Amino acid sequence: MTDLSAWMLLDPAVLDDPYDFYRTLQAQAPVWAVPGTDIVAISSFALLSEAVTRTADFSSTMRCLLYRDSDGLPARLDLGGSAVPTLATADPPAHTRQRRAVFPELVAKRMRTLESDICALSAATVERALRDHTFEFMAAIGNVVPITVIAKLIGFRDTDPAQLLDAAFDSTTMVGGTMSLDQLNGLVTRIGDIQGWITEQVIAAGDDDEEEGILSAVRRALDAGTLEMGEATIMLHTLLSAGGESTTSLIGNAVRLLAEDPALQQRLREYPQDVDVFVEETLRLESPFRQMMRSVPHDTTLGGVDIAAGSTALLLFAAGNRDPAQFDNPDLVDLERGAPRHHLAFGHGIHHCVGAALARIEACAVLRALLEQTRNFELDPERAPRWFDSLLVRRHQRLSITATAVAS
């Protein structure tokens, strides 16, 4: 038995390798009231699946941000109702209205038309990176493809990919739970700058845009009165952040798994049709978003545990995705696993990620290009991988690999 302590939630060593901690939670406290806080962590697949359907008891509306206090413990910064409920942080009926205002455009048109462009971009980006025998994968490929694709999908004009990537990462860092209070307040202020830039993009959008994107759909929804400007700006920032962050994390995590397993690499080279299932196993094993926050508007109960009104619930999707009660051999890649998409990596229910299909397309395109253009690749023995310090995202801050190109 391991004693559960509040500091474990944000301990950097636990964040780097959280899976023993998750197993302890599932065995001892699948609904864990974090001592000395108003935070509850939910870790079993069954209870997570239940919680996401109980939107009246576990609201998506963001009431606070988490930070790491001077003792390394989780603390809450009350937003005082200042956050505009939008998409992932909205409940019905606002969530339903916002999603309908934009996402038929995203799903029905843009994703399908972009697939060939994504494959070409992935192949060219991999080819360029392989000019060096050893390279930093995230900087050369993992960060580049997703931010380029999401900017094109949305329809942003005159973009600087590096600045957009910073904006995407700033947004997820703000809800990552590991900053100090001073750092968090500074970041909240800085994020206002990108919100202003997005507002200008919306205002400048019109029916004469050369390409149909989400931006023009948002502008039409504004003109029709379906959306308000505050909602539109946050919606686009959310899409930028989620589209840039989740796919970046997914691609890096997949490459890390392959770099550590030469036999799996070779199998996928011989049977490229299995790349799709491998992507699902990566999503399950190393979920790009570890958790999502919910607020508790009134006293409720989950799994026989009382949860007080005003609590913050952490839905630990990454824990549920390795729950041995749900998955056989949960810590292993299994390309023969039945129902490979039966995981929580993209959320569940009404908040299932609208960009899930796009993330899968990008990940498969990058992996196939990398496998086709290399004989083998492995982790750089001189530079160990490093995870980004976050309670929210599972992303590599550094992932240096050594590769042998097919042409060499």
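**Entry 1: R360 and its partner**

I looked up R360 and found a relative accessibility of 11%, so R360 counts as buried. The model is predicted, and I keep that in mind throughout. E280 forms a salt bridge with R360, and the closest N and O atoms are 2.6 Å apart. I then checked where the two residues sit. E280 lies in helix α12 (residues 275-285) and R360 in helix α14, so the pair ties together parts that are 80 residues apart in sequence. Is E280 buried or exposed? E280 has a relative accessibility of 3%, so I put E280 down as buried. The cut-off I applied for buried is under 20% relative accessible area.

**Entry 2: E286 and R394**

I went on to E286, which forms a salt bridge with R394. I noted 2.8 Å between the closest N and O atoms of this pair. E286 lies in the loop between α12 and β6, and R394 in the loop between β11 (386-387) and β12 (396-398), so the pair ties together parts that are 108 residues apart in sequence. I found E286 buried, because its relative accessibility is 10%. R394 is buried with a relative accessible area of 3%.

**Entry 3: E336 and R267**

I looked up a further pair, in which E336 forms a salt bridge with R267. Their closest N and O atoms are 2.8 Å apart. The pair links distant parts of the chain: E336 is in the loop between α13 (317-320) and α14 (356-373), R267 is in helix α11 (residues 262-270), and 69 residues separate them. I noted E336 as exposed, because its relative accessibility is 59%. R267 is at 30%, so I noted R267 as partly exposed. How many salt bridges are there by the rule used? I have 21 in my notes. As a reminder to myself, side chains of opposite charge can pair when their charged atoms come close.

**Entry 4: an open sheet**

I turned to the strands. Four of them form an open sheet, in the order β1-β2-β9-β6, with mixed pairing. Which strands are at the edges? I found β1 (31-33) and β6 (292-295) there, each pairing on one side only. From one strand to the next, the twist averages 25 degrees. I followed β6 to strand β9 (residues 312-315), where the two pair in the antiparallel sense over four bridges. I also looked up S295 and found that its bridge partner in β9 is T312.

Terms used: Residues numbered from 1 in each chain as written. Predicted model: local features only at pLDDT ≥ 70, side-chain atom pairs only at ≥ 80, totals over all residues. Heavy atoms only, no water. Pairing = 2+ DSSP bridges. Axes fitted to C-alpha atoms, helices over the stretch in contact; angles between N-to-C directions. Salt bridge = Lys/Arg side-chain N within 4 Å of Asp/Glu carboxyl O. Buried < 20%, exposed > 50% of the residue type's maximum accessible area, 1.4 Å probe, protein only.
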